[in-house]
Amino acid sequence: MKISYNWLNTLINVSLSPEKIDELLTGTGLEVEGITPYNTIKGGLEGIVVGEVKTCTKHPNADKLSVTTVDVGGPELLHIVCGAPNVAAGQKVLVATVGCIVHPTNGEPFEIKKSKIRGEVSEGMICAEDELGLGESHDGILVLPNNYDIGAPATNYFENYSDYLIEIGLTANRGDAASHMGVSRDLRAVTNCSSQTSNFVIPTIHADKISVSIEDTDCVRYSGISISGVRVGDSPAWLQNRLRVIGLSPINNIVDVTNYVMHELGQPLHAFDAANLYGQKIIVRKVNAGTKFTTLDKTERTLTGNECMICDGEKPIAIGGVFGGLQSGINNNTTEIFMESATFNPASVRKTAKHHGLSTDASFRYERGTDVEITTRALARAVELIIETAGGAVSSKLVDVYPTEIKHAQVDFNLDKFYSLIGQHIEAEEIKRILLALDFTILNETTDSLLLDVPAYRTDVTRHADVAEEVLRIYGLNNIEIPTRVTSSVSNSKENAQFALRNKLSDYLTDNGFNEMLNNSISKSAYYTETEMQHAVKLLNPLSSDLDVMRLSMLYNGLEVLQYNRNRKTTDMHLYEFGKIYTQTDKGYAEQMHLSLFMLGKQQGESWHGAAKANTYYTLKSLILNVIKKAGIKKIDTVTDNKGTLLNQTSISAQQKVLVVFGGVDAKTRKQFDLTDEVWFADFNWDNICELSIGSTLKLHTISTFPAVRRDLALELDKKTTYAEIEKIARKTEQQLLKEMNVFDVYEGDKIAAGKKSYAISFILQNTEKTLTDEEIESSMNKLIKQFEKELGATLRG
């Protein structure tokens, strides 16, 4: 939301600096995101003065440069080197003095500094018009009339309109503040000053010109009036300046007035060329689906039949609350206009705007809810300005169709409940002052409560808590004292245990070089297959095609983050995210909490004590096993499925519950995100991790005082056999003595049969109660060998 500082000051009876307005508005909940100086001439000619060239000689070291002395009204003449071909003694010129910032018409601003140019001192710059944003010419310096005063600021002779643009981050519930009047209302309440707004009066005319009827309930109220004898042309400078400050380009005096009133009062208006209204009728209705309609932007649109359309006696002429039609728009030949001021259903406007991809200043306000009671006042303001800027006169009576009057909300505001809520006592008189300043009406008052009538434009205020928020934001959150004592109760719940586990694993991942990320839960449907989309949770009114479905996987949001950072020269990334995925089933909607890991680039960068080390499948697997171990989960099963969606897709389970699926992202998927290097991805089912982790118990074991024994086996196996299968068989066969095992070599080559490979595996055996004998060790190893031969067809290599 853009606000002009000068414009705002015309609506309040108090002088406030832009910085003070920033502080006050942010304190009331209208967060100021930025304040930017505005000048019709770039830089406002600050530091630019009138000077007179006293002498002008050729530069001794450059043919195309001149050395001048210039009088700018100071105690000494300035020595300035100039490259303009038309510079001469006796000229009055514009001089940019040392320290000022020059804002050229085309190009970036730069500071004037004292310098040496080819050995000659230069203490400023004699300017051409394009160097000061005064025009496009760079043929030579700008020569001024002789009657200009030496040393006078340039602003004395070049008109510059200066202002400040205040940008406010308007929340969706504060449609009442989508105007200068709405913002001034909050300032008026917080500063306890009066308003400078006026009541506007429409001349009384009894003639009927254009009839209005409402057939669509999405139009709540429709007001209109005719003005004849107008002359379409440019708006006066003051009106153009105010519109330009807030980012609007002036069009003509009629359209500019409608925009001006909308930004001043918050009520959108639309002007029709009355000569193009067939039958002198306005009918608000639906039209048939498939109807073609061309809007003011010359785009032909196909209507769905759900739009609230403004029609004349023959055809649609505007999309109500969104955009006008091309045929009925104002042009240079328009002499009679019909001015519309209406109120529409916010939901209807939003659906229409989103469907047609239109976002206009009018739809922005209607979607948030406008003041149904201001339609006629806005018309009166527009009539006043049009007569002032375009001439003409009111030629019909005010038409105002309001089928079902909307009743104001009423709230019984209990003071004791309010004090309990905020933890502090505020004087009742101060509370009443704030509420009255915000246009609330006190219908009844008792010692401990106020019966309030809520103004029509505050559609978001319906409960006691809403009124409490209104009072508190104007009173000032900073004025609420911080208590010296905070009381709370200690609870022990499943949620606390999950939170503790999440912190524990987050600390582990962070300690191992990972950074946490937080992504939007809304994703892009194009990422998913048709089969996946059958279970997707789709948005009814998506912001865009890139944000139209709740994410079904943690993968794609993470790849977007990798792409974003890779495009900004970050090559090595280790990221993790806790988040939910969303699906739709026969039983309804389901949410699942997940933990995802991403690794891209190197595991370890170049160093003086070692070469760079790339991330691999085993880097990720080792990390995953440590995460599972940290969670206290034991007895896991590992399964690798080369037909999965990931490369070398592997799943780890415990108690028949899948804990994690991991592997490499395939090249086709990486290509969508311009990622050429390998990406390793892991997706933990957080609900299963929590269930098995929190249900596990910690058992303490005495460290054995008896020695452990290592034995190695070299097994020749089928190429498809995985180490996970070997480990599973070994631990099932020798549950008592086998403490650790590890594969330390894998061989595939011409020394073994085709289709085979060799694993070299170490086994650590230990008895916690006695020293193992050779017979016990041999017996244990023989059991393992026989089981490997039986289940895997393994043979021992010599």
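**Helix 6 and helix 7**

Helix 6 and helix 7 lie oblique to each other, in a model that is predicted. Their axes, for helix 6 (residues 346–356) and helix 7 (residues 361–368), come within 7 Å and cross at roughly 140°. Angles over 145 degrees would count as roughly antiparallel, so the pair falls in the oblique class. The crossing of the two helices is left-handed.

On the helix 6 side, the residues that meet helix 7 are P346, V349, R350 and A353. Their counterparts in helix 7 are S363, Y366 and E367.

**Nonpolar cores**

The largest nonpolar core holds 32 residues, of which I254, V261, I337, M339 and I386 touch the most other members. Two or more residues come from each of strand 15 (219–228), helix 4 (237–245), helix 5 (253–265), strand 16 (269–273), strand 23 (336–344) and helix 8 (375–390). Helix 8 gives the most to this core, with eight residues.

Setting aside neighbours within four places in sequence, I386 is in contact with I227, V230, I254, V257, I337, M339 and G391. Another core, of 31 residues, lies apart from the one described above; Y576, L597, M599 and I652 are among its members.

**Cysteines**

The count of disulfides is zero. A disulfide needs two cysteine sulfur atoms within 2.5 Å. The cysteine sulfur closest to that of C311 belongs to C308 and is 8.8 Å away, which is too far for a bond.

C311 is buried, at a relative accessible area of 0%. C690 also counts as buried, with 2% relative accessibility.

Conventions. Residues are numbered from 1 along each chain as its sequence is written. This is a predicted model: local features need pLDDT of at least 70, side-chain atom pairs count only at pLDDT 80 or more; totals for chains, interfaces and linings use all residues. Side-chain values use heavy atoms; hydrogens and water are left out. Buried means under 20% relative accessible area, exposed over 50%, partly exposed in between (1.4 Å probe, protein chains only). A nonpolar core is a set of buried Ala, Val, Leu, Ile, Met, Phe, Trp, Tyr and Cys residues joined through side-chain atoms within 4.5 Å. Helices (H or I, at least four residues) and strands (E, at least two) are DSSP runs, numbered from the N terminus. Contact means heavy atoms within 4.5 Å. Axes are lines fitted to C-alpha atoms, for helices over the stretch in contact, and angles run from 0 to 180 degrees between N-to-C directions. Angles under 35 degrees count as roughly parallel, over 145 as roughly antiparallel, 65 to 115 as roughly perpendicular and the rest as oblique. A crossing is left-handed if the near helix is turned anticlockwise from the far one by less than a right angle, and right-handed if clockwise.
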